[in-house]
Amino acid sequence: MKPELVLTPLMSGLIRDVLAVPERLSAMVDALGSPLNIVVPEQITANVAEYRAVYDRRRLSGEVYFAHKANRSSALIRELAAGECGVDVASLGELRHVLAAGFSGDRIMATGPKDTEFLWLAARVGAVVNADSRAELRELAAIATRFGLPPVRVMIRLSAFDSPGVPILSRPSRFGVHARELADVLDTLDEHRAVLRLLGVSYHLDTTGIEEKALALEGCLLAMHEALGRGFAPTAIDIGGGFGVNYLADRGEWERYTTELGTAVLGLRPPMTWQNHGYGLRAEAGTLRGALGVYPAYRDTAGARYLDELLDRESVSLERSFATLLLENLYDLYTEPGRALADQCGLTLARIAEVRTTHSGDPLVRLAANSRDISAEEHAVLMDPVLLPSRPGTPTGVYLAGNLCLEDDLITRRQVTLPRPPEPGDLLAFVNTAGYFMDFAADHALMQPIARTVAVHRAAGGWSWCLDEQYWPVKGNRS
Ligand SMILES: *Cc1c(COP(=O)(O)O)cnc(C)c1O
């Protein structure tokens, strides 16, 4: 075994229980095809509860909105509709989906750039419209006026905050309005007071960097102050998503792996990746250059704990913790976790179609699935799949290729160490794919099938399953 090559995924109890019955999984793949996605609705409810616990412990009011774009499953959305959580939709299709799943308009937040139809339906059902631009607010006001709709609750999405003290990099964003343009946006809202009601301000930063988020949250607090000064009565700050997930079971494995990768790129050990791909690292005259461009797959602080940590941070200019500032001002805190609420909520099964050796002598495993079906690599998340069924054997390093006639259709560019030599007909289980990796990019390239999705839930004697579209919360084991 080459322990430096192993990246053991973190797995919840129910995921382990599901993987413990490989014959059953194999029969499901026979019937429904490979790849096959499995979602775990009860897990998303448990994840929401962790967020709610942070709010409760700190006596903060507000809502958690699941960012729908992380997963298309109906089962997950219906399960959330049965609970306390809200949902964040970023397209007309997602809005229609959540309405059909049982969400009432008041529990829905519409984000992202919006076309006219999306704006109309969001306003019609009473969703909060998280405005991406001034033009969008004007169009929304025109729609509400023309159709005689009740005042629409709106938030202003801000981006590019200026740092008051130490310069902190605030990444430019394509979305939202620059914090400096707030005054103009408030003018627009002023003109449309009869039809638009300012609920608050928001940001969403696609980063794991807590400094950047603290700066944005401070910017939002200042923006609330400015809006209050202009005679508005905003009540909520929405801090978006980006709380992240810890994918790996072992910090040591992650540290060893990333260190060894640098060594391999320098040519000081055999390659660990396809054509010695460096994930951003490269060797220049015997020196390692570049930066490792992968997701920090092992994380101490992710999900609800990341929220907790952010709330504990002190605002530089306001000199108190964000939790205290929110409480003192009686502001509601809104969050929009996507990936973090989908943590441990699903996995993707793929059948091994062929095992061969390439011209260069590398063992290559071709799957009945491709890199769009299992897109962890595209999102730069490195973790090992689980080989089923488990049998004793000699650990074997292999490359995993997909079913598209494309040179670059590799499920991962890493060499993956499996606990025994794989054989055609075996299954690989890619765990923790529910957040963005299972169906975000899946398509019909080469007319290959797209994965079906099934929902599993605990039942007498283990677990039970049904097609995703046939899952309704009354099926689950709610107490
Ligand atoms: C994508 C997105 C989210 C969710 O981000 P995660 O990183 O999955 O938590 C939340 N809010 C908005 C506006 C988004 O675009």
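# Pockets, domains and a buried loop residue

Q: How do the residues lining the largest pocket divide into nonpolar, polar and charged?
A: Eleven are nonpolar, 13 polar and twelve charged. Nonpolar means Ala, Val, Leu, Ile, Met, Phe, Trp, Tyr, Cys and Pro; charged means Asp, Glu, Lys and Arg; the others, Gly among them, count as polar.

Q: What kind of model is this, and what cut-offs apply?
A: It is a predicted model: local features need pLDDT of at least 70, side-chain atom pairs count only at pLDDT 80 or more, and totals for chains, interfaces and linings use all residues. Residues are numbered from 1 along each chain as its sequence is written, and side-chain values use heavy atoms, with hydrogens and water left out.

Q: Back to the largest pocket. What is its volume?
A: About 980 Å³. A volume is the space filled by probe spheres set on the grid points, which are joined across faces, edges and corners.

Q: Which residues lie nearest its centre?
A: Lys69, His204, Leu205, Asp206 and Tyr436, out of 36 lining residues.

Q: What counts as a pocket or a cavity, and as lining?
A: The search uses a 1 Å grid over the protein atoms alone. A pocket is an open set of points with protein on both sides within 12 Å along at least five of seven lines. In a cavity, a 1.4 Å probe fits but cannot get out. Lining residues have an atom within 4 Å of a point.

Q: Where does the largest pocket lie relative to the domains?
A: Between domain 1 and domain 2, because both give residues to its lining.

Q: What are the domain bounds?
A: Domain 1 is 13-40 + 344-468, domain 2 is 42-244 + 300-335, and domain 3 is 251-289. The bounds come from an automatic or database domain assignment.

Q: What about the second largest pocket?
A: It holds about 520 Å³ of space. Of its 19 lining residues, Trp274, Arg356, Thr358, Leu364 and Glu407 lie nearest the centre. Seven are nonpolar, six polar and six charged.

Q: Which strand gives the most to that lining?
A: E13, with three residues. E13 (346-357) and E14 (363-367) each supply at least two. Strands (E, at least two residues) and helices (H or I, at least four) are DSSP runs, numbered from the N terminus.

Q: How many cavities of 30 Å³ or more are there?
A: Three in the whole structure. The largest cavity has about 140 Å³ of space. Its lining has 14 residues, with Ile374, Ala376, Val381, Met383 and Phe430 nearest its centre. By class, that is nine nonpolar, two polar and three charged.

Q: Switching to Glu377. Buried or exposed?
A: Buried, at 10% relative accessible area. The cut-offs are under 20% for buried, over 50% for exposed and partly exposed in between, with a 1.4 Å probe and protein chains only. Glu377 sits in the loop between E14 and E15 (386-388).

Q: Which residues does Glu377 touch?
A: Tyr279, Leu382, Ile411, Thr412 and Arg413, leaving out residues up to four places away in sequence.

Q: And helix H9?
A: H9 (210-229) has 14 of its 20 residues buried, so the rest of the structure largely encloses it.

Note on methods
Contact = heavy atoms within 4.5 Å.
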